Structures are given as structure tokens and as C-alpha cells.
Amino acid sequence: MRDIRSDFPVLSRKVNGKDLIYLDSGATSQKPLQVIEAVAHFYREANANVHRGLYSLSVEATELYEDARRAVAGLIGADPQEVIFTRGTTESLNLLAYSLGEARVGRGDEILATVMEHHANLVPWQELARRKGARLIAAGITPEGELDLDDLKRKLSPRTKIVAVTHVSNVLGTVNPIPEIAELAHRVGAVLVVDAAQSVPHMPVRVGELGCDFLAFSGHKMLGPTGIGVLWGRRELLEEMPPFLTGGEMIREVWIDRATWNDLPYKFEAGTPPIAQAVGLKAAVDYLRELGLEEICRHEGGLVARALEGLLSRDYVEIYGPRDPSKRSGLIAFNLKGIHPHDVATLLDEEGIAIRAGHHCAQPLHRELGISASCRVSFYLYNTEDEVDAFLMALDRVWGVLGR
Ligand code: C6P
């Protein structure tokens, strides 16, 4: 991959007097100049509201916003009309829990998730189950930290209306077999919702190949701005669903006591959308596609294999998730035996190394693993082998201070 580090201004800054080593892209990615400049250019040259004005500036802004939708659709192999802009994965999943839940779930029905879900793909379904008198259940994981497909099969039944699964776990790094899960879900007449927050930024994802019905992801984890996310859904399902948020833009006609709904995707985009963020997201998508998601995936695979080997060779480290790097994506959660992860993160920060520590919004998974928190390193296209080595050496120093 070409040298891209100079595209990311923040990577050349110092933190605590040390060169920044950013290993928390799973939380949010850094932004290249191409994205920063696209957003600045929009505000400087083309700022107007979309789909409203009959003047040139608004037409231009609308074209930029719709270009972004086409870019995202192209990235995931979808029809632009099926691409809805939201504020992020969390909002996309809440939209589904309200709207799809309203259309599809009733008393006694079941929603099947997994214990490795991020809270964003659990709590909205819990609330839906509570509102509707339905039940949320979860498939477990194997001792290796993979999804227990047999358990998932056992828990599927004609009562299952929605299956909600993450594509890649934000803690275990496990890549779940979505096409197989799609087939299983469809066999019992359920729809499959895939949380792709940790996959779309890192690997080629095509909705046709996954076979799912809905896909949710966030712009800020894929080089784009915060405040924008995506919900892709199959047209016939989106058509049958009632709107989530209501107000301007999502209507066709309004009377005092009622209204009719706009066409897709606008039915699900009430109010002024995140326009500048969409422009930034398009620049991010262009950037990722120019480098190639396959190439990015290969690069991260190399970093993960190196980090995994280094962590596994240290007997003071316990890692979570598959030990085989080919079964995981670009992140690793771990603990130093007997040491609280917050202490590890704090000492690494003193060396300019940014990692995440905590429950990573996956408390049920941590409970299942028998721990309350973990450290996590997550890599992206701009990370290097030297950074992996520097992290491993810093970890030895942390153990020297806190361990034994
Ligand atoms: N995970 C992490 O550090 P939002 O916050 O809406 O952009 O994304 C939520 C979300 C949903 N699903 C998965 C699998 C995720 O990883 C995340 C975000 C971050 O792991 C912040 S907790």
C-alpha cells in the first residue's frame, strides 16, 4: 500500500511528548486531508439546505448529498434508493427496532441476537421486546470466541421474527458467517439485521453476497465525519415499514390531522440531514475505494497477525477471541494477568500509545468471558508494523511496572 500517513495530519502530532501511536480506530478512525478538505470546501463554497431551494446553491448542495448516497451504495453494491442516511450505527439500529419492530413483531414473538453484540445491537431490541411483549434471546459463543452456530440454530424457531447479528465483534474480532446465518434466518421466515460497524470500514462488503436484509454502519469509523451513518435495507421491507422520525422532508402531503409519506429513502430522513457529513463520507468512500478494501484488509491482517503472535508469546497476557488470525478482523482484546485494563491504558498513554480499555459497550460478552473489562488495540490502514512492535515493547515496560 502507498505511504498514506502524511494524509492524516493528526498522526504526526505528539502526545505526552511522544509520537502518537493511535490504536483505537475501532472507536473512531482518524481523518485524511481529503475528508477534512471536502467538509471545509462544502461549508466554504456550497453550503445550503438540500431538496428545498430552487436556487443554484441548494441544487448544488443537493447534488453533493445525493452523490454521497450513490458513493455509499456503490461501496456496498446496493441501490441508492435503499440507502438511508442516519446519525450512525446506533440510530440505524434504533430506527429498525422501532419501525421494523412495529411492522413485524408482536406478543410472544422472539428476536434472536448473540452474546457478542455491542449494546447498540441489544438494548434497542430489549426495548422493542418490552413494548411488544416479545422476547429477546441470544446465541452463545464457543470457547475459541467464535459464534456458536449450533446454539444459534437451536434458538431459531417459527417464533423468531428478527435475527440481529454483528458482522465483526468489536471485542473478539471474530468475523461471523453472515451468508450462512442469512440462510438459517430466512428458513424460519425471520429477517436478518447485520451490524456492520466494524466490517464495512475494513473489508469488502457487498449486501448481495451477505444475503442479509438490513445493514447498519457508521461514517466516523471509516475515515468519515462523526454524525453520519447508514442503514441499508431491502426495498420491499423498507416499503412496508412505517417511518421512524416524522416531520419535514419525509412527507408527501400534510393536513392538520394526518400526512402521507415520501418515497424511499426520504421517508426515513426527517428534517435537515447531515449534509456536510455526507460530503465528507463520500470523500472517505472515494479514499477507501482508491486504496482498495481488499488491500486494506490484507494490510490489517498482517498487523493483526504480528500483534497476535507478540501477545501470545507473552505469558503475562491473556487474549480473547480466535487465536487464528485468519478468523478475525483488525482488533484484539486482551488483559495483563491481574492488572486492571485502565492502568494499562494509562501507562501506555504516557508513552503516546492510545488504546481502549473498558467493557467496549459489550457487557454481556465480558460477563460471558468472566471479566469486567479488557484492553483493546484496533488497527487501520495507517498503522504500521513499527507501531505494533513499539506497542508490544511498551507493554513489556507496563508489565515491568505493574506486574509480578
Ligand atoms: N463501537 C468501539 O470502540 P456508533 O457509536 O453508533 O457509531 O456505533 C455503535 C457500534 C455498533 N456496533 C458495533 C459493533 C460497534 O463497534 C459500535 C461502536 C465503538 O467499539 C464505540 S463503543
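The second largest pocket is lined by 16 residues, and Phe85, Thr86, Glu91, Ala270 and Pro274 lie nearest its centre. A pocket here is an open set of points on a 1 Å grid over the protein atoms alone, where a 1.4 Å probe fits, with protein on both sides within 12 Å along at least five of seven lines; lining residues have an atom within 4 Å of a point. Strand S4 (83-86) and helix H3 each supply at least two residues of this lining.

The model is predicted: local features need pLDDT of at least 70, side-chain atom pairs count only at pLDDT 80 or more, and totals for chains, interfaces and linings use all residues. Residues are numbered from 1 along each chain as its sequence is written, and side-chain values use heavy atoms, without hydrogens and water.

In the largest pocket, Thr89, Thr90, His118, Ser218 and Lys221 are the closest to the centre among 26 lining residues. Helix H3 (residues 89-104) gives the most to this lining, with four residues. Domain 1 (5-30 + 292-402) and domain 2 (36-289) each contribute at least three residues, the bounds coming from an automatic or database domain assignment.

| Pocket | Volume | Lining by class |
|---|---|---|
| Largest | about 340 Å³ | six nonpolar, 13 polar, seven charged |

In helix H6 (residues 178-187), Ile178, Ile181, Ala182, Leu184 and Ala185 are buried, that is, under 20% relative accessible area with a 1.4 Å probe and protein chains only. These residues lie on the same side of H6 because they cover an arc of only 165° around the axis. The face turned away carries Glu183 and Arg187, which are exposed (over 50%).

Note on methods. Points joined across faces, edges and corners; volume = space filled by probe spheres on them. Nonpolar A, V, L, I, M, F, W, Y, C, P; charged D, E, K, R; others polar. Arc of directions from axis to C-beta.
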